[in-house]
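These are my notebook entries on one structure, written down in the order in which I looked things up.

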Amino acid sequence: MKRQVLIVGGGASGLMAGICCAREGASVTILEHMDRVGKKILSTGNGRCNMTNLTMRPECYRSSQKQFPMKVLDRFSVWDTLTFFDELGIETKNRNGYIYPNSDQASSVLDALRMEIEHLGVRVVTNCQIQGLRAKGRRQFEAKTDVGTFQADRLILATGSRAMPVSGSDGSGYTLAKSFGHHIIKPLPALVQLRCEGKFFKQLAGVRCDAVLRIKNSQGRVLAADQGEIQLTDYGISGIPTFQVSRYASVALDQKEKVTAVLDFLPSKSMKEILPFLRNRAKLLSYRKAEDYLTGLLNKKLGTVILKLAGIPADLLVSQIRSAQLERLGHLLKEFEVPVTAANAFEQAQICCGGVDTREVHAETLESKLVPGLYLIGELLDVDGICGGYNLQWAWATGAIAGRCAGREEESMPRCEKTGPVKNKK
């Protein structure tokens with residue numbers, strides 16, 4: 001009789017686990033509480049699906065156990081991912097290391113996964129609400145749902161995090177993991193916008209500018225920094241750099257620290273260079289009114305706000321701007337500080353930081369150290385990646401490893417060997 005494997009959650013990691021598990025010869029059932037599988041995949045990469053990234057470095061992932069992510073990713077690499085999807089008919093394109101389907105449609109990636117699931121005979125049960133999970137003995141499990149009871153030899157939890165609950169990630173997986181004795185590191189929004197203090201933000205809504213963003217804590221220590229296009233909103237800051245540092249702001253705020261966002265609007269100039277630069281600009285444009293002094297240097301809306309904060313009247317001639325005012329202006333251009341009051345909610349977050357404590361999970365197989373035969377994968381774990389395909393690579397890798405190990409007839413520990421080598425296809 002085939003090994004029976006039950007997967008709770010039909011997102012990216014769950015679908016990958018289902019395919020790899022079925023390829024090992026197991027009989028696989030996926031339980032999904034939404035009306036269809038893979039909804040979150042459709043929103044990745046702004047609908048284009050940034051599938052993975054050619055640059056895999058430890059600093060691209062965050063976890064309480066810093067070595068854990070790369071131990072997993074060394075077992076299922078980017079090249080394994082590319083080969084896997086190539087075999088499903090997905091041609092990929094390389095945009096400076098960011099990998100997308102050639103179709104530029106996330107739906108094509110989901111369609112390929114669904115077709116393979118169907119081809120392998122994996123049973124998919126949608127609109128299925130989990131009422132309880134339990135281990136009946138060594139590597140024997142039972143799932144009670146509103147559509148019946150399911151028995152299995154192996155159980156894979158692929159329920160996602162709390163981010164984007166509209167896609168199905170409602171945080172229920174944390175409760176299920178806890179029911180098996182696992183500890184949960186508090187989930188918080190990550191890859192999310194930050195809400196900041198300042199009435200002037202309403203004037204800046206819609207402004208985009210290249211800047212360096214630093215997040216500081218109560219002691220003035222820089223927790224994280226990134227550079228790129230910042231989007232200013234009516235409530236604070238957004239854009240890729242904001243997403244990259246947001247998890248550090250979330251954690252510090254949760255620990256009741258004061259958090260400050262520091263924006264450098266002229267990263268090409270050092271603090272030492274800024275004042276001579278402004279003085280020279282003032283000489284060249286001495287005939288202008290102050291409201292036009294920053295024209296061509298900054299977005300007009302942003303320039304107006306910064307001049308006002310520097311105490312420079314709009315109708316003043318540039319030739320009349322005092323040295324102290326220029327110094328204040330230079331400081332604001334290089335270190336524009338605003339208090340961060342909150343991260344946006346889970347509804348706006350792309351992922352979460354926190355999750356199942358990885359000290360309780362084998363990196364080699366993703367099997368629980370507490371409950372033999374139980375596997376925990378994807379966003380459910382305390383691992384979060386930066387923007388750029390890293391979180392999908394985590395989903396593909398954890399799903400593939402757990403699926404292969406759970407589907408094999410022999411015991412999963414410690415015989416689930418490293419994948420590879422795989423040819424460098426792209």
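Where is the place of I312? I found I312 in the loop between α9 (300-309) and α10 (323-334), where helices (H or I, at least four residues) and strands (E, at least two) are DSSP runs, numbered from the N terminus.

Before going on I noted that this is a predicted model, in which local features need pLDDT of at least 70 and side-chain atom pairs count only at pLDDT 80 or more, while totals for chains, interfaces and linings use all residues. Residues are numbered from 1 along each chain as its sequence is written, and side-chain values use heavy atoms, with hydrogens and water left out.

**Entry: I312**

I looked up the accessibility of I312, and because its relative value is 5%, I312 counts as buried; the word buried means under 20% relative accessible area, exposed means over 50%, and partly exposed lies in between (1.4 Å probe, protein chains only). Leaving aside neighbours within four places in sequence, I312 is in contact with A290, L307, I321, Q325 and L329, contact meaning heavy atoms within 4.5 Å. I also checked I312 against L213, which is 99 residues apart from it along the chain, and their C-alpha atoms are separated by 25 Å.

T358 is found in the loop between β19 (351-356) and β20 (374-376), and it counts as buried because its relative accessibility is 2%. With neighbours within four places in sequence left aside, I listed S63, Q65, F68, L381, D382 and V383 as the contacts of T358.

D104 sits in the loop between β6 and α4, and its phi is near 60 degrees, a positive value in a residue other than glycine. At 22% relative accessibility D104 counts as partly exposed. M164, in the loop between β11 and α5 (172-179), is likewise a residue other than glycine with a positive phi, here near 50 degrees, but M164 counts as buried, at 16% relative accessibility.

**Entry: α1 against α11**

Two packed helices are described by the angle between their axes and the distance between the axes. For helix α1 (residues 12-23) and helix α11 (residues 390-407) I noted an angle of about 35 degrees, with the axes 7 Å apart; axes are lines fitted to C-alpha atoms, for helices over the stretch in contact, and angles run from 0 to 180 degrees between N-to-C directions. On the side of α1 the contact is made by A12, S13, M16, A17, C20 and C21, and the residues from α11 include L392, W396, G399 and G403. The residues of this contact divide into 10 nonpolar, 5 polar and 1 charged, where Ala, Val, Leu, Ile, Met, Phe, Trp, Tyr, Cys and Pro count as nonpolar, Asp, Glu, Lys and Arg as charged, and the others, Gly among them, as polar.

**Entry: cores and α3**

Which residues touch the most other members of the largest nonpolar core? Of its 82 residues, these are L113, L157 and W396, a nonpolar core being a set of buried Ala, Val, Leu, Ile, Met, Phe, Trp, Tyr and Cys residues joined through side-chain atoms within 4.5 Å. The largest share of this core, 11 residues, comes from α11. Not counting residues up to four places away in sequence, W396 touches A12, M16, I41, M51, F76, T81, F85, V109 and L113. Apart from this core lies another, of 47 residues, with L213, A249, A261 and L263 among them.

I then turned to helix α3 (residues 78-87), which is mostly covered, with 7 of its 10 residues buried, including T81 and F85. The buried residues of α3 pack against elements that include α1, α4 (106-119) and α11.

**Entry: strands**

Strand β1 (residues 4-8) is joined to β11 by 4 bridges and the two run parallel, with V5 opposite R154; strands pair if DSSP finds at least two bridges between them. β11 also pairs with β20 in the parallel sense over 3 bridges, and there the bridge partner of I156 is Y375.

Elsewhere I found an open sheet of 3 strands in the order β8-β9-β10, with antiparallel pairing. Its edge strands are β8 (130-137) and β10 (148-152). β8 and strand β9 (residues 140-145) pair over 6 bridges, and a hairpin of 2 residues joins β9 to β10.
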